Amino acid sequence: MNRIDQIYNEEKIYKRLLEDRNLTIEDELENEMVINMGPQHPATHGVLRLVLRLDGETVMGIVPELGYLHRGYEKMAENMSYIEFIPHTDRLDYTGTMCNNVGYVLAVEKLAGIEAPKRAQYIRMIVAELSRIAAHLVAIGTFAMDVGAVTMVMWTFREREKINSIFDRIAGARFTTSYTRIGGVASDLDDQAIAEIEQFLVELEPALSEMDKLMLSNRIFIGRLEGIGILPKEDAIALGVTGPNLRASGVEYDIRRAKPYLFYNEIDFRIPTFTQGDCLARYFQRGDEVKESVKILRQCLDKMPIGEVIANNPKRVLSHKTEIYSKMEELIHDFMIINFGINPPVGDTYLSVENPKGELGFYIVSNGTGQPWKLKIHSPSFCNLQAVSQLCKGAMVSDVVAIIGSLDPVMGEADK
Amino acid sequence: MGLEAKLTQDGFITTTIDAVVGWARKSSVWPMPMGISCCAIEMIAAADPKYDIARFGSEVMRFTPRQCDLMIVAGTVTFKMAQVVRRIYDQMPDPKWVIAMGACTSSGGMYRSYNVVQGIDQFLPVDVYTAGCPPRPENLLNALMTIQEKIGKTRARDFQNRSLKELELLQK
Amino acid sequence: MNLKELITDKVIEKFGTALEEVSDFRDDICLTVSSDQIVAIGKFLKDDSDLQFITCKDITAIDWGTRKKRFTAVYHIYSFKLNCTLRIKANIDADPPAIETVTSVWRSADWYERETFDMYGIKFTNHPDLRRMYMPEGFEHHPLRKDFPVIGIPGSLPLPHQAE
């Protein structure tokens with residue numbers, strides 16, 4: 001037991017919490033209480049540990065502790081090739097999985113100087129927007145469940161199951177799909193998949209208005225969220241908060257407009273922004289983003305060009321199986337790519353995309369071989385969780401649950 | 001057992017206590033969802049209207065260990081989290097069973113790294129392993145049905161005043 | 001003039017020889033500066049009215065293995081006005097590795113520096129709360145260094161007791 005105590009010693013956290021207080025234990029009722037909202041908790045959206053210092057019901061200080069899901073992605077990435085890392089990117093933000101795939105593959109393509117064909121880019125946009133809808137549905141559903149409205153999680157998951165069966169049709173797996181490849185996507189969309197997407201969009205809008213009617217006439221829901229956890233604009237920028245949380249505090253910043261990737265500059269959509277910065281604004285922000293994603297999806301389905309879905313660059317991109325089995329050059333290149341990697345030039349790049357949770361960025365340092373020398377993942381949930389200690393000061397314990405739900409962290413990417 | 005058939009006849013049923021107790025235990029297994037990462041989303045999907053886990057009796061997914069009999073460990077378990085999982089397992093009252101959901105809990109999955117425990121059976125007794133990354137909800141329901149079969153074969157007196165080691169030998 | 005010249009001219013005008021190298025690989029502007037001037041350069045980049053790099057997006061480090069200056073600290077900062085992400089690199093020559101913290105300039109640097117300390121062992125002097133981020137407190141190694149194996153060191157992290 002001694003060794004376990006030594007490793008898992010938590011003195012430093014308590015010292016940090018109590019450092020500006022001089023506590024003498026004379027009368028127990030006059031002192032503050034340090035309690036643990038542990039890693040296993042129904043409302044902490046994953047394994048996040050919060051240590052709270054309470055004066056009665058009011059939170060005086062809060063220290064989050066991460067690391068309960070630290071799987072060692074960055075270390076593993078240094079030991080495997082670029083293509084082998086694609087399934088690992090799925091498991092970063094596991095509520096909207098295709099967006100992570102798209103972001104990683106775009107970063108590697110930027111480093112290696114490969115460009116995917118136009119149809120592949122449109123397919124990537126379609127699956128990214130579907131993932132955005134799926135992730136926001138999970139966020140809204142579990143947020144409402146935490147605050148007490150348990151019906152919402154059943155309704156949003158019912159819609160999400162339709163997206164899962166669309167992904168099943170396109171990529172073969174329900175949600176951890178690893179669908180994109182360096183240079184394009186793995187397979188083409190067939191007509192039935194497109195028909196299913198259109199059918200889903202038709203059914204989604206009445207479902208969304210039904211959910212709106214349920215939540216907005218619920219006085220308890222509004223009363224529990226309005227004015228709680230206000231994040232002012234300057235603090236949001238200074239703390240590095242990204243994504244819907246930043247836009248709900250008044251900063252109109254969306255990477256799809258600021259540094260357009262894929263073909264977002266050809267699509268017409270607006271960026272919803274709210275100025276209040278409280279939990280209710282963050283809730284509405286996600287609902288509005290789902291509606292914008294529906295608009296983007298309709299335009300993408302209209303504008304989709306015909307063509308190849310993977311780039312024709314045998315030295316860097318895996319070719320189609322029929323070519324590998326029939327031509328000598330392609331066979332040799334395939335062998336080299338699988339065994340030794342794609343060998344991008346020496347250098348480093350940083351590319352970020354707009355994930356449903358915020359800005360997902362990949363910083364890749366390459367030394368010319370097929371395995372990266374370093375891969376750093378800039379994950380939005382990690383950045384958003386920095387704001388927790390400021391937001392929860394002065395709130396009540398039940399508000400902590402609402403604030404964490406509205407920031408919507410996903411521990412798979414916060415802990416990498 | 002044919003309870004429904006007997007209900008239309010005269011009012012006596014003969015059975016064994018083991019059968020009744022086994023039937024009661026297996027028809028209302030209350031799971032404790034130890035949802036850690038991606039498999040937790042599939043576990044919630046198993047509880048949603050399409051794959052309804054409630055029809056198997058597991059409607060009540062309470063997060064407190066004192067009221068549950070089945071622990072579904074869903075997600076990658078790291079060394080830091082293993083302490084927590086073991087502590088929660090110890091708090092569950094007997095009889096209790098464990099489903100290891102997914103590849104990460106069965107054997108470490110695709111993570112052969114410094115912080116991931118290579119299989120939760122290194123510190124927990126596991127009853128059913130489920131394959132998949134993540135396993136489909138139908139796979140989880142299949143695991144639940146296997147546990148129900150296993151419970152149906154136990155006897156009523158199996159779980160009284162036994163030490164943990166004997167319990168594990170019985171559960172094999 | 002384009003962005004790269006704008007930023008480089010301003011930094012050279014104020015700091016002269018502290019700026020060692022400028023690169024433009026794949027359209028990412030990257031400045032390599034000397035590590036003892038990092039706080040002053042950061043403050044200048046944030047306060048200057050034309051540049052306004054008010055957010056620090058990410059801080060990390062690169063371990064070069066067997067090179068003489070083994071670690072390089074990498075900062076990514078962003079300016080809403082110029083819509084530009086700038087990368088600043090600083091080679092760390094102290095041994096054991098240490099560099100001044102930039103939390104006095106950008107508040108978001110707090111957790112990023114803790115993570116870099118946890119993974120690489122680089123001490124950030126004058127940091128308000130330099131604890132480990134992911135690994136438990138008593139863990140003795142720094143995982144992302146090149147001499148730490150991927151599968152870990154058996155026995156460095158204990159498991160709970162086996163079922164009796």
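How many residue pairs are in polar contact across the interface of chain A and chain C? The rule finds 26, both residues of each pair being at pLDDT 80 or more. A polar contact is a pair of N or O atoms within 3.5 Å; within protein, one must be able to donate a hydrogen and the other to accept it, and residues adjacent in sequence count only if both atoms are side-chain atoms.

**Before you click**

This is a predicted model, where local features need pLDDT of at least 70, side-chain atom pairs count only at pLDDT 80 or more, and totals for chains, interfaces and linings use all residues. Residues are numbered from 1 along each chain as its sequence is written, chains are lettered from A and ligands numbered from 1 in the order in which they are written, and side-chain values use heavy atoms, with hydrogens and water left out.

**Stop 1: chains A and C**

Select chain A and chain C. The contact takes 54 residues from chain A and 52 residues from chain C. Contact means heavy atoms within 4.5 Å. About 4,600 Å² is buried between the two chains, and carbon and sulfur atoms give 56% of that area. Buried area is the accessible area (1.4 Å probe) that two parts lose on being put together, summed over both.

Now look for charge pairs. The rule finds 9 salt bridges across this interface. A salt bridge is a side-chain nitrogen of Lys or Arg within 4 Å of a carboxyl oxygen of Asp or Glu. Pick K376(A) and E115(C): their side chains meet in a salt bridge of 3.7 Å, N to O.

Next, highlight strand β6 of chain A, residues 347-355. This strand gives 5 residues, the largest share of the side of chain A that touches chain C. Strands (E, at least two residues) and helices (H or I, at least four) are DSSP runs, numbered from the N terminus. That side of chain A divides into 26 nonpolar, 13 polar and 15 charged residues. Here Ala, Val, Leu, Ile, Met, Phe, Trp, Tyr, Cys and Pro count as nonpolar, Asp, Glu, Lys and Arg as charged, and the others, Gly among them, as polar.

**Stop 2: E359(A)**

Zoom to E359(A), in strand β7 (residues 358-366) of chain A. Is E359(A) buried or exposed? E359(A) counts as buried because its relative accessibility is 2%. Buried means under 20% relative accessible area, exposed over 50%, partly exposed in between (1.4 Å probe, protein chains only). Show K57(C) too: a polar contact of 3.0 Å joins its side chain to that of E359(A). Beyond its neighbours within four places in sequence, E359(A) also has contacts including Y253(A), Y350(A) and H378(A).

**Stop 3: chains C and B**

Switch to chain B beside chain C. Here 17 residues of chain C are in contact with 16 residues of chain B. The area buried between them is about 1,500 Å², with 61% from carbon and sulfur atoms. On the side of chain C that touches chain B, 13 residues are nonpolar, 3 polar and 1 charged.

**Stop 4: inside chain B**

Trace 7 helices and 4 strands. From the N terminus on, they run α-α-β-α-β-α-β-α-β-α-α. Of the 172 residues in chain B, 52% are buried.

Finish at V98(B), in strand β3 (residues 97-101) of chain B. V98(B) is buried, because its relative accessible area is 0%. Contacts of V98(B), leaving aside neighbours within four places in sequence, include L70(B), I120(B) and V126(B).
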